[in-house]
Amino acid sequence: MATLLVRNIDLLATFDDERREIADGAMLVRDNVVETVGTTAELAASGADEVLDLSGHVVMPGMVNTHHHMYQNLTRVMVQDDELLVWLKTLYPIWARLDDDAIRVSARVAMAELIHSGCTTSSDHLYILPNNCTLDATIMAARELGLRFHAARGAMSRGESQGGLPPDSCVENEDAILKDAERLIGAYHDNSRHSMSRIILAPCSPFSVTPDLMRNAAALARRHPGVNLHSHLAEELFEEKYCHEIYGMRPVEFAESVGWLGNDVWFAHSIFMTSAEIDRFAETGTGVAHCPSANMRCGQGIAKIREMLDKGVKVGLGVDGSASNDTSNMFMEARLALMLQRVAPHHYLSEKPGGRGGFGGTPSALSAREALEMATRGGAALLGRDDIGHLAPGMSADFIAVKRDQIGLSGTQRDPLAALVLCGPFKVDYSYINGREIIGKGLFRAFDVEAALAEHAATMDRVYEQ
């Protein structure tokens, strides 16, 4: 097996169990696994097959994106000033025109954007599959780019005629959904350590599927080790009203009633939750994908992330769809997560010693390192991974490097790691995924960005012209 020595790293932020930050750091990678982490002096005699000098760089684990809708980069900057209900009803008819090629093209661009912003593992929640659309197209795109990928087989089965929100043209038959999910698990799910491909079952939301689909999807997932569950929950007040009117309960209570709380479940957003519901998430191991950009863009509200973290809820970051965020940048998501918690009216914090009280913000609500930890270890925990999210012996060789000698990082010598959040967002200069160099010196090694953008533009025009 080939070995790679990465040395002379200005600062190596491991995010390991001791949270070591190593000056003049070094790593020895054997094939696709980290073998040793230490200083350059300690690893000098390693005799590696290849040496990468990262003088002048900050290195950290690759970030983990836990919620996305990649196809939405075909409909960016639309419905800019309306609430989510109007946003959805406007975009559903356009998304109903998608085909498998559009899914493939949009996924390639989304993945490239993510990788350039420091992401090395991503999930994608594909919940609308009209015409001949499949998850296979996104999985093939991930293999092409070299992204570690968790493909979420989303679904909508309750159309307007059945009391749901999406138009009937966007929904599927529930038996067909479950049959396709079983096919995908058999074809692509790899639960081994350092796996590059896993499948998630992900009915879209309480207002777009039936309770039966939620129960049956959970039962199917739990027959296959490592197949986790994902959905939207407590994202909007209209969802809360819908659950009250249709099910006679709050969204979290509904989720529990269909078997959707547990260590193998995480939800996107989870903004409108009580402290008791946060406690229940902590007790059951249920996780949350925090998507600050989309929540701000759509004027939805501020998730109680500080309270969740303090109570032991697993929290990761997600960029959400490129039509509700309009970008796929993990550094930006970490930065906005930090900023948003600091301006939130933390009644929970106001009751603690030193709390400010009232409706004011709290500058200590979330630190830069906590934001980056959500983007790394937090995301790995949501996806059920113990092999990514930090750099230590035996971990997957997924790491990124950012060059310090650039205008946006000038004057940050005091804390170059925090600078990646406080001064961002940035693009990475190096990205290694599963031990393979994907980006080197700021450029993709084996992906034609210009050709991908041209294909994307043509596809967008074709979808709109239908």
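This is a predicted model: local features need pLDDT of at least 70, side-chain atom pairs count only at pLDDT 80 or more; totals for chains, interfaces and linings use all residues.
**The contact of α11 with α13**

- The crossing in which α11 passes α13 is right-handed.
- On the α11 side the contact is made by Met-330, Ala-334, Ala-337 and Leu-338, which meet Ala-368, Ala-371, Leu-372, Met-374 and Ala-375 of α13.

**Aromatic pairs and a cluster**

- A pair of aromatic rings is described by how far apart the centres are and by the angle of the planes.
- The model has 12 aromatic pairs, and one of them joins Tyr-71 and Tyr-127, whose rings are 6.0 Å apart from centre to centre with 80° between the planes.
- That pair counts as edge-to-face, because the angle between its planes is over 60 degrees.
- The pair links distant parts of the chain, since Tyr-71 lies in the loop between β6 (63-65) and α1 (84-95), while Tyr-127 lies in the loop between β7 (119-126) and α3 (136-145), 56 residues apart.
- Tyr-71 counts as buried at 2% relative accessibility, and Tyr-127 likewise counts as buried at 3%.
- Tyr-92 and Trp-95 also form an edge-to-face pair, with 6.0 Å from centre to centre and 80° between the planes.
- These two residues are three residues apart in helix α1, so about one helical turn separates Tyr-92 from Trp-95.
- Tyr-92 is buried, with a relative accessible area of 1%, and Trp-95 counts as buried at 1% relative accessibility.
- Tyr-71, Tyr-127, Tyr-92 and Trp-95 belong, together with Trp-87, to one aromatic cluster.

- Asn-8 is not a glycine, and yet its phi is positive, at about 60°.
- Asn-8 is found in strand β1, which covers residues 3-13, and this residue is partly exposed, with a relative accessible area of 23%.
- Phe-15, again a residue other than glycine, has a positive phi near 55°.
- Phe-15 lies in the loop between β1 and β2 (21-30), and its relative accessible area of 5% makes Phe-15 buried, because buried means under 20%.

Key. Residues are numbered from 1 along each chain as its sequence is written. Side-chain values use heavy atoms; hydrogens and water are left out. A crossing is left-handed if the near helix is turned anticlockwise from the far one by less than a right angle, and right-handed if clockwise. Helices (H or I, at least four residues) and strands (E, at least two) are DSSP runs, numbered from the N terminus. Contact means heavy atoms within 4.5 Å. Buried means under 20% relative accessible area, exposed over 50%, partly exposed in between (1.4 Å probe, protein chains only). Rings of Phe, Tyr and Trp (its six-membered ring) pair if their centres lie within 6.5 Å; planes under 30 degrees apart count as stacked, over 60 as edge-to-face and the rest as tilted.
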